[in-house]
Amino acid sequence: MEDFGFAISRNFNPDVSLLQGGVTMGSRGEYGCSVDELRTLMEYRGAEAREKLDAEYDGVEGLCRRLKTDPNNGLPQDKDELDRRRAVFGANEIPPHPPKSFLQLVWEALQDVTLIILLVSAIVSLALSFYRPPDDGLGAGSDDSEHEAGWIEGVAILISVVVVVLVTALNDYTKERQFRGLQAKIETEHKFAVIRGGNQIQIVVNELVVGDIAQIKYGDLLPADGILVQSNDLKIDESSLTGESDQIRKSPELDPMLLSGTHVMEGSGKMVVTAVGVNSQTGIIMTLLGAAKDVVEEERKAAKREGK
């Protein structure tokens with residue numbers, strides 16, 4: 001049965017003229033493969049992936065040569081080179097939903113059925129308080145003081161609704177800001193082991209680039225897509241992407257594909273990063289779900305402007 005992540009990737013067929021970091025996705029540029037080619041490669045699984053890798057890239061070693069990276073020493077500690085890779089292949093960031101404004105949260109709070117009923121009741125009460133029936137001359141049952149105070153009930157209901165709406169919106173606004181602050185803190189504190197210049201170093205996951213040689217071990221949450229260079233009894237939990245509850249054994253010979261957002265459950269290994277940010281499998285899914293919709297639209301507009 002075709003897994004969920006694989007199905008989404010196959011159905012997601014972006015315009016090859018879409019810009020990613022100022023370079024067309026279908027263009028190879030100075031490297032031996034383009035963003036679009038790497039995304040297509042990461043759609044394969046198991047033996048099919050191994051065959052694709054061997055046939056078109058001469059194995060993982062050939063892919064490393066194309067990406068100008070050393071499987072043993074990794075990328076050089078060269079800021080210009082790392083920035084160039086981010087420009088070509090994109091940064092390891094998935095843009096979040098734009099935050100809702102306080103007025104949007106107020107409007108959402110007003111959608112509560114109970115509050116709508118109370119608002120209608122308040123409006124009706126206020127309307128009736130200003131209505132005076134025609135005087136029949138008898139004066140029976142008329143109480144001017146009671147009639148003049150009739151508006152108080154409607155205003156009291158309105159004030160109650162306003163207080164509830166403002167408190168609800170303020171709570172939601174505060175929680176959203178706290179969540180985004182926590183998310184930003186996690187992103188800046190979540191580090192990953194990579195090999196650069198022959199040395200193993202810890203870097204923030206946002207600094208990962210395509211071509212990095214990353215060390216993976218038990219307990220890691222993979223922050224980017226990659227292909228195994230070597231492994232030692234490696235098992236991955238891919239349930240977050242595919243829904244498959246069984247742990248998947250990975251090895252360079254059988255199934256070398258590693259996907260972002262999956263967990264290392266056993267063993268260790270080393271992979272070459274092939275896709276980051278919105279180009280990774282997690283990024284593609286998030287894009288389809290709308291998290292990166294605005295960024296994609298801006299890139300399409302930029303591509304159209306470049307084409308004119």
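Which residue forms a salt bridge with Arg84? In this predicted model, the partner is Glu81, and the closest N and O atoms of the pair are 2.6 Å apart. A salt bridge is taken here as a side-chain nitrogen of Lys or Arg within 4 Å of a carboxyl oxygen of Asp or Glu. Arg84 and Glu81 are 3 residues apart in helix 5 (residues 79-89), which means that about one helical turn separates them. Helices (H or I, at least four residues) and strands (E, at least two) are DSSP runs, numbered from the N terminus. Glu81 counts as buried because its relative accessible area is 11%, while Arg84, at 33% relative accessibility, is partly exposed. Buried stands for under 20% relative accessible area, exposed for over 50%, and partly exposed for values in between, with a 1.4 Å probe and protein chains only. Salt bridges with shared partners also join Lys79, Asp83 and Arg86 into one network.

Residues are numbered from 1 along each chain as its sequence is written, and side-chain values use heavy atoms, with hydrogens and water left out. As the model is predicted, local features need pLDDT of at least 70 and side-chain atom pairs count only at pLDDT 80 or more, whereas totals for chains, interfaces and linings use all residues. The pLDDT is the predictor's confidence in each residue, from 0 to 100. Its mean over the protein is 80, and 76% of the residues reach 70 or more. Over residues 1-24 the pLDDT is below 50, and this stretch has 55 contacts in the model beyond near neighbours in sequence; a contact means heavy atoms within 4.5 Å. Where pLDDT is low, the predicted coordinates should not be read in detail.

The overall picture comes next. The protein has 12 helices and 9 strands, and buried residues make up 40% of its 308 residues. Of the contacts between residues at least 6 apart in sequence, 69% join residues at least 24 apart.

Arg50 pairs with Asp54, with the closest N and O atoms 2.7 Å apart, and both residues lie in helix 3 (residues 46-57), 4 residues apart, about one turn of the helix. Arg50 counts as buried because its relative accessibility is 17%, whereas Asp54, at 39%, is partly exposed. Asp58 follows helix 3 and has a positive phi, near 60°. The side chain of Asp58 meets that of Arg65 in another salt bridge (3.0 Å, N to O), and both of these residues are exposed. A search of the whole structure finds 13 salt bridges.

In helix 4, Gly59, Val60, Gly62, Leu63 and Cys64 are buried. Their cover includes helix 2, helix 3, strand 6 and strand 9 (263-275). Lys68 follows helix 4, and its phi is positive, near 55°.

Helix 6 (residues 102-109) has Leu105, Val106 and Ala109 as buried residues. Down the axis of helix 6, these buried residues fall within an arc of 105°, so they line one face of the helix. Leu103 and Trp107 are exposed on the face turned away from the buried side of helix 6.

Notes:
Arc of directions from axis to C-beta.
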